[in-house]
Amino acid sequence: MNSGQVRSGLIIVDKPQGWTSHDVVGRLRRLAGTRKVGHAGTLDPMATGVLVVGINKATRLLTYIVGTTKTYEATIRLGQSTVTDDAEGDITAETIAAAVTDEDIRAAVQNLTGDIEQVPSSVSAIKVNGERSYAKVRAGGEVNLPARPVTVSRFEIHDIRRENGGKLRDVDVTVECSSGTYIRALARDLGAELGVGGHLTALRRTRVGPFGIEAASTLEQLAEELRVTDLDDAAADLFPVRHLSAAEADDLSHGRRISATGSGVPAPVAAMDPQGHVVGLLEDKGEHAKALLVFAPGNEKA
């Protein structure tokens, strides 16, 4: 592909198992012919599914995508705990889960639904005294991360199975949650709630904000055709839209203040010029609209 044809926008990737999010970014840098590539929200190597990648100007939208609601399909194994809270870590404890009933599991899931306080997984990327938590754990250190508020708006059970002669129980679930929620930690906490331990054996992210798995392409498909959601369309998908007059668009693009939207819609708002091109993101501040970011006019790759 001619790199000059690659416009600013978002690529919705169906990340394969075994790849890091950084691996995917590296691959798309080569396919798009630009260094200006980034992703919105890391997926663990074990996980598959939706990874939102920004190209050129659209990398500036990624900060606002990271905080959107996410949906996952997952399998939780009850009866085993691991050092990483998922199947990639060594087993640290085993407890026969044969006596755990379906009703017990459903009640425990209900306790982990809604607004909860969650202790992130110790192998997360959260920094502790300047060091990534996962790096400290893998070096043999101990990490005690504080709990933080998250919202699990949906924690739905699809199937409960007995494994390993009934000693283990596998639970297939759908989780819809706020940014910052760790599905590994939900698996750990479900096992702890039931007194048998638990960890994640499979994870697939099916939605990030408005972008679902149905819009995602595999890396093989992207190598054949680099499907990019144009910056203007991406902004309109992500945010409420304010249509600017030509004068307002000119003022905003040159750093001059414009009047507040006055609509009461939550920030940010995508400001579109009369031609349908996104000029920037806005939020109301009193009588004026404050620019959260402004896209430089003209240069597509700026």
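Because the model is predicted, local features need pLDDT of at least 70 and side-chain atom pairs count only at pLDDT 80 or more, while totals for chains, interfaces and linings use all residues. Residues are numbered from 1 along each chain as its sequence is written, and side-chain values use heavy atoms, with hydrogens and water left out.

An open sheet is formed by 5 strands in the order E15-E17-E18-E19-E16, with mixed pairing; here strands (E, at least two residues) and helices (H or I, at least four residues) are DSSP runs numbered from the N terminus, and two strands pair if DSSP finds at least two bridges between them. Strand E15 (241–243) and strand E16 (258–259) are the edge strands, each of which pairs on one side only. The partner of E15 in a parallel pairing over 3 bridges is strand E17 (residues 269–272), and in E17 Ala271 stands opposite Arg242.

Two helices lie across this sheet. Helix H7 (residues 231–238) lies across E15, E17 and strand E18 (278–285), and runs at about 140° to E17; such angles, from 0 to 180 degrees, are taken between the N-to-C directions of axes, which are lines fitted to C-alpha atoms, for helices over the stretch in contact. Helix H8 (residues 246–253) lies across E15, E16, E17, E18 and strand E19 (288–294), running at about 85° to E18.

Thr229 belongs to strand E14 (residues 229–230). Its relative accessibility is 25%, so Thr229 counts as partly exposed, a class that lies between buried (under 20% relative accessible area) and exposed (over 50%), with a 1.4 Å probe and protein chains only. Beyond its neighbours within four places in sequence, Thr229 is in contact (heavy atoms within 4.5 Å) with Ser8, Gly9, Leu10, Ala234 and Asp237. From Thr229 to Arg7 the C-alpha to C-alpha separation is 9.1 Å, although the two are 222 residues apart in sequence.

Elsewhere in the chain numbering, strand E11 (residues 168–177) is largely enclosed by the rest of the structure, because 9 of its 10 residues are buried. Strand E4 (residues 70–78) runs antiparallel to E11 and is joined to E11 by 9 bridges, with Glu73 opposite Thr174 in E11. Strand E10 (residues 148–163) is also antiparallel to E11, through 10 bridges, and Arg162 stands opposite Arg169 in E11. The hairpin of E10 and E11 has 4 residues between the strands, and in that hairpin Asn164 takes a positive phi near 55°.
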